Amino acid sequence: MISLGLPRIPQRGRIFSSVFIDTFGWGLFAPLAFLYFSYNTGLSFSAIGSAVSAGTLAALPTALLAGWLVDRFSPKAVLVSSNLVTALGYGLYPFASEWTLIAVATFLVMAGDRLYWASWPVIVVDLASGRKLDATYAAVGTIKNFTVATGALASSGLTVVLGHGAADLVLALNVVTSLVAAVLLAGVRIPATRPGPEPGATEEEQENPRRPAPGWRDAFTDHAFTGFCFFFMLLTFAWALPSTILPAYSVEIMELPDWTPALFLGINSVAIMLAQMPVTARVSHVPRQRLIVRSGLIFVVVFTGLYLVTEVPATTAIVVLVPVMLTFTLGEMISLPAANALVASSAPAAIRGRYMSLFQLSWAVSGLFIPLLAGFVLDRGALWVCAAFGGIALLAAIGIQATAYRIAPADRPGPTPRGAKPGTPRPDHPSDQAASLDPGPSESTRPVSTKDVT
């Protein structure tokens, strides 16, 4: 496989080809997904929307099930299953002629998505370590942006040529690409790893472990981690800017031309495609926690700038919004690979799937509340919009600063402070100081302080 600057991980040809094929198919169908039911049923948009929302909400708990499945079986098995479940869901679309079937088909598609995001980041940990984790997550984000964009363009071309008939064709292609991706992933060889002994365990305890296997209780009682997940969930509210907030904000509040939302969304997507991997490499010496905190502060600056441009003429506002959008994109690019790598490398190996599924719930939970908040503040004007989302970003940055540095090492003992029990994480764990180093394959379970999606 041609390098293309992709990180050197085992079997990268199969790994990255599966991402490329899978997301290209999704990009083909995504622009027509909602309209497809309108084309093929007599239901109103309100009925279709409620069915899709019901299916999406019903699939939310599968994120936790996915984490258990990853730990019980393997991330590869769950990742392959995610493609098969997604293909089955899309395969039901042509037969979804009533509300219940639309909800069921949507449930299967979203359940496949939950399985995917609980397993994909974990499988990367089995293949990469150190800062190569960040680079791999960055590469996936780049590929996804490129293939979704090219898939959407191809879908537009087919729609121009075939009209409504293109919907059935791109749906079939989407199902096929999901199945091909599953076949590619099934052939990936993942090194067999077994969790090591508990940090600080005595020799007798290592030989005769009596402690129950770690489970959900361990994940939920890791207060530093759950706190980080909560504040990162708040940070994901800012990701609504290009697709949810800015279209209505720019056209309705700023009274800019109707084509401006597409321009800014395009700037965001193209910038990620071109710069994600170089930016991730450039900040590889910065602790991951610090990068995530900085992204929150960047989003505060972005929403402040968004409010200030409402006071300038339309032409000037369009020009000024370009660097504002690029600044927002920089915040995305420095934080998402860092956050995924921080969680994946810090989670105990035996329950890494549970940890990752809890982290991925950040996106699912915020996705339920963003439309409600956006609708409420957009009705009240620019100040409300920018104060609400900027304030949430600031709160997220403060919370992440307080929690992310306390996330304990994964399955590795460290120097024990005088008077502390063996295995107790040090409160001043300098994980941020280790971030500038790539420990190499021999330290793949050590968190080097430091999604995606999408």
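Visitor: Which residues line the largest cavity?
Guide: Welcome! This is a predicted model, in which local features need pLDDT of at least 70 and side-chain atom pairs count only at pLDDT 80 or more, while totals for chains, interfaces and linings use all residues. Residues are numbered from 1 along each chain as its sequence is written, and side-chain values use heavy atoms, with hydrogens and water left out. A cavity is a set of points, on a 1 Å grid over the protein atoms alone, where a 1.4 Å probe fits but cannot get out, and lining residues have an atom within 4 Å of a point; here they are Arg131, Asp134, Thr280, Val283, Leu291, Met333, Ile334, Pro337 and Ala338.

Visitor: Which element gives the largest share of the lining of the largest cavity?
Guide: Helices here are DSSP runs (H or I, at least four residues), numbered from the N terminus. Two elements give two or more residues to this lining: α7 (131-162) and α15 (314-346). With four residues, the largest share comes from α15.

Visitor: How many residues of that lining are charged?
Guide: Ala, Val, Leu, Ile, Met, Phe, Trp, Tyr, Cys and Pro count as nonpolar, Asp, Glu, Lys and Arg as charged, and the others, Gly among them, as polar. In the lining of the largest cavity, six residues are nonpolar and one is polar. The number of charged residues is two.

Visitor: How much space lies in the largest cavity?
Guide: A volume is the space filled by probe spheres set on the grid points, which are joined across faces, edges and corners. For the largest cavity, that gives about 50 Å³.

Visitor: Are α11 and α16 roughly parallel or roughly antiparallel?
Guide: Axes are lines fitted to C-alpha atoms, for helices over the stretch in contact, and angles run from 0 to 180 degrees between N-to-C directions. Angles under 35 degrees count as roughly parallel, over 145 as roughly antiparallel, 65 to 115 as roughly perpendicular and the rest as oblique. Helix α11 (residues 223-235) packs against helix α16 (residues 352-378) at about 25 degrees, with the axes 8 Å apart. That angle makes α11 and α16 roughly parallel.

Visitor: How many nonpolar residues are in the contact of α11 with α16?
Guide: Contact means heavy atoms within 4.5 Å. On the α11 side are Phe225, Phe228, Cys229, Phe232 and Met233, and on the α16 side Tyr355, Leu358, Phe359, Ser362, Trp363, Val365 and Ser366. Two of the contact residues are polar and none is charged, which leaves the nonpolar count, 10.

Visitor: Are α6 and α16 oblique or roughly parallel to each other?
Guide: Their axes come within 9 Å and cross at roughly 130 degrees. Residues that meet include Arg114 and Trp117 in α6, and Arg352 and Gln360 in α16. Given their angle, α6 and α16 are therefore oblique.

Visitor: Is the crossing of α12 and α14 left-handed or right-handed?
Guide: Helix α12 (residues 241-253) and helix α14 (residues 288-308) pack at about 15 degrees, with axes 12 Å apart, and are therefore roughly parallel. Leu241, Ile245, Leu246 and Tyr249 in α12 meet Val302, Phe303, Leu306 and Tyr307 in α14, a contact of eight nonpolar, no polar and no charged residues. A crossing is left-handed if the near helix is turned anticlockwise from the far one by less than a right angle, and right-handed if clockwise. The crossing of α12 and α14 is right-handed.

How values were computed. 1 Å grid on protein atoms, 1.4 Å probe; cavity = no way out; pocket = protein on both sides within 12 Å on 5 of 7 lines; lining within 4 Å.
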